[in-house]
Structures are given as C-alpha cells and as structure tokens.
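Okay, thanks for having me, everyone. Let me put the model up and then we'll walk through it.

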Amino acid sequence: MDDKSNSYKGSWTSGGLWGTHLGYATGYVVNSMARPSSLDRRHLEQKNGQWRVTIAVPRDLQSKLGTRLKRPLRTDSLAVANRLKWSVVAELRAEIAAARGGTVKDPTVREALEIARHFMKADDVDRAILDDMIVSRAEEIAGPPASVVDEETGEPLLIHDSAKEARATTYVALARGQATPIVTHHDAYLAQLHVKPRTVGDDVRAIRYLEAWCGKDGVPPTIQAITRKVAVRFADDIGSVAGSLSPVTLNKYLRRLSRYWQWMAHREHVEADVWRGVTLAAPPAAHDEEERAFTEEEMKKLLYGQPSQEMHDLMRIAALTGARLDAIVCLRVGDCEDGVFVFKPQKKERSSRAVPIHPALVEIVERRSKGRKAEDDLFPEWPAPRSSTTLRERSFKASNAFTAYRREVKVDARAPGKRRALTNFHSFRRWFITMAERADQPEHIIAAVVGHKRTGMTLGRYSAGPLMEQARRCVEAVRLPPAPR
C-alpha cells in the first residue's frame, strides 16, 4: 500500500485506532444483536471435520482452474475460520484475476477489497460484524505502539510506526468501501476491449503514469481521489512522469483514461468521467514538419535498393494497395484469391475490406501462394507473437526491419530538432492516395479502396459489379516509378 495514504487517517481512541464502532461512527443503527460467527458460513465448507475456504470459478476460466478453488484452514472452529477466511478468499480471487492476465499485487489490499465486496452489500448487522473485524485487522497491521517520552511534559507516549499506521488506515478505507485503488476495475475494462494490442498498451501505460504521478504529488492512488481538479492537475504535469513526449502522444494517454472512466461510469463505479475534455493544446506543426508521402526519389531508393525478398514484396503490396502494415503482414493465402486482397478490419472498420490485386503484384502473390494452403500465412517471415499476453502487433518486427532498411538507403528526412522521421511505412499509404488523386480517380472510390470513413459504400469480395470495377481502375491507375538508370 502507498505509505502516503494517511489522508484517510481516523482519530485515536482508547477503544481502537479508527474511532468508535461503525454503528455509532457512521450512522448505521444496529437494532439487534450482532450475528454470531457460528452462523456465518460464507465461502466456507467442512471437510473431515475441519473448515476450508471455497469459491466458484467463472465459467470462462473453468477449463483452466476447475469449477471451484478450495484451500484448507486447518481448524474445526467456525469462529476461527471466519477470522482466517478473508485473506484466503482474497488470494483465491487474485488467482482467478491472474488467470485473466492481471491482479492487484499487494495481498493486504486484495484482502481489504474482498471484504469491501461484502461490506457494500451487507445489511446493518453484517456491517457491524465486518467492521469489528476490519478494526481488529487494522490494529494488527499497525502493530503495537512504541513507548516514547514527551520532551515537554516528561510523560510517556505511545506512538505507532508511521508507515504501518498509514497501511492500517488505508486498509480501513478500502475495506469499508471508502477508497478504491485506481487499478481495481482495470482488468475487467481491458477484458471487454476490442482494440489493437498497441492500444491496450496505451491503456496500461496511462494507468501507470497516473499512479506514478499520484505517488509523486501526494494524491491517494484511488478512484475517489481523482476529481476533476486532480485530473486537470495531472494533465498539466503528465510530462513529469511520462517524459518529454509530444502533446499529441500525451493526449492519447488522457483519452485512454477518459475511456476507462466512461466504462466505470456506465457501471456506476464512478459518478462521471472526470477526464472529459481534459486535453493539452498541441502547437501547430509547420508544413515541413508534418509526416508525408514518399517523394519519387525516395520511392526509387526504397524499391530499387537491395532489400530482402520479403521486404521487396511487402513494400510493393503497400505501394499498390494503400494498405496498412499490419493488415498486409496478417494476410493469409486464402485472402489473396479471385483477383482481390481481403484485408482484416483496421482502425474503425467494421468488416474486412476487399482491394483489387494490381497486375504488378500478381507474380508476388502467385510465388508466395505456391504450395501453401489457404490458411497459411502469406508472410511467414513475420509470424504472430508466441505469447498470448503480448501487447505487440504482429507487424512489430516487420516495422523495425523496414525502419532499418529505410535508414540504410538514406530515406530518413527529419525536421530540425525532431526525433521522429517525416516518413515511415505509412508513407506508402499516403503515396498511393496521392498518386490515385493525380490520376484523376474519384475521391469516394479512393476512400473505398484504402478504407477511409465513408457512408453507403462497401466493396464486395468478388470482382463483380460497377463499384469493384471502379476500384480496379483506381488501383491500376497507380504505377510504381521506373527504376533509375
């Protein structure tokens, strides 16, 4: 737990660290005697006369973990079992969360959050029982006080270790549902996303930057502490934890935080998206500092240098389709039949996109398809990542290989003082669009070919119909520059 969380610190009393009993301190009125622990069997079952913890496994994880997780408590006393069970339940919940790819790491935080799950749903009697246990557990976390002498009065004082006290007070706030770590719902949020691994990486980094800033600025790393004012403060100071990135990149992280808060608001974990409209003003880029299409001279250097065979084929498909790198690298042999490429959806596209195969690419497709099955990769040189949890796209290594080749042939124009080159693999896409426009192809047909946003237009899989014929004319109107003499 963050040692700076003592903004939740309560008052010290002779009865305990955190004020009086919940029934008096927070307005809950307990009208009946507290339910004895001999009646509480939540998460418990008996085996051979001794108690053990048991929790159900979500259906989608049962093939990996089984239908239930169980752990013995090695006691025949139900009262003792109720005292021991919460940390064990938290550990088992963490095991389930880890099977999905992430969890809160601090075991004390996990324990407090597990108690909070029940605390928020409990009636007054059960809340009183749980609160007694919360206060008792917090006193354990704080440990016994040390005796010191007051310099002014000479009287002995009992003082707790400040770090342990901070952990204890945070434990109380978490267990009572008064504080929720920022990351609590993030795994569930990521699990329902349908975005590229790169975007998932942005989500993870955004949370990491926010937590790092909270630690630096003394803000509790909890959802409740992130108010609108705090969000604006973070935006103004995000560079202190993210580094000297451009406002465009920093705004990307702010947008990912906003999407997380929107998701939580929809599920009533928060009242509203405090990040809405929180952005950094990006200075306008000069014309000669904007990323651009390749020039004809640069195209000749790239196409007629000495690339590897796979780079030779990759660049030509990009130049004569306007497709994005990842869509090309992910092509299968069966996606290159009937005279069209079928590219997987990219960005905000809802379905696959068919693009006519340029005559200059027929030899490449035939060579790469020969002897292979429909489900085989067209570019096996760049296979999919082995790890199922990686945030990298399949095209990651292909992108690195192209960057190295581009620099090798001296295509590396940069604006003064800028780290990023003005051209990259996406410049083939820009070049295709530019050449199609110069060939007087209709704008809406170019948009259909490259997958730009449009309404009421889709290209079918097969080369039939006037729209596909227009698309074929558009593609074939683009010609590669001639080889240098």
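When I say contact, I mean heavy atoms within 4.5 Å. With that in mind, take contacts in the chain between residues at least 6 apart in sequence: 65% of them join residues at least 24 apart. A quick word on the source: this is a predicted model, where local features need pLDDT of at least 70, side-chain atom pairs count only at pLDDT 80 or more, and totals for chains, interfaces and linings use all residues. Numbering runs from 1 along each chain as its sequence is written, and side-chain values use heavy atoms, with hydrogens and water left out.

So what's in there? There are 19 helices and 7 strands in the chain (DSSP runs numbered from the N terminus: helices are H or I, at least four residues, strands are E, at least two).

Helix 4, residues 107-119, and helix 6, residues 162-175, have axes that come within 7 Å and cross at roughly 30 degrees (axes are lines fitted to C-alpha atoms over the stretch in contact, and angles run from 0 to 180 degrees between N-to-C directions). Helix 4 brings residues including Val109 and Phe119 to the contact, and helix 6 brings, among them, Arg167 and Tyr171.

Last stop, Glu366, in helix 15, residues 362-369. Buried or exposed, this Glu366? Exposed, because Glu366 has 54% relative accessibility.

Terms used: Buried means under 20% relative accessible area, exposed over 50%, partly exposed in between (1.4 Å probe, protein chains only).
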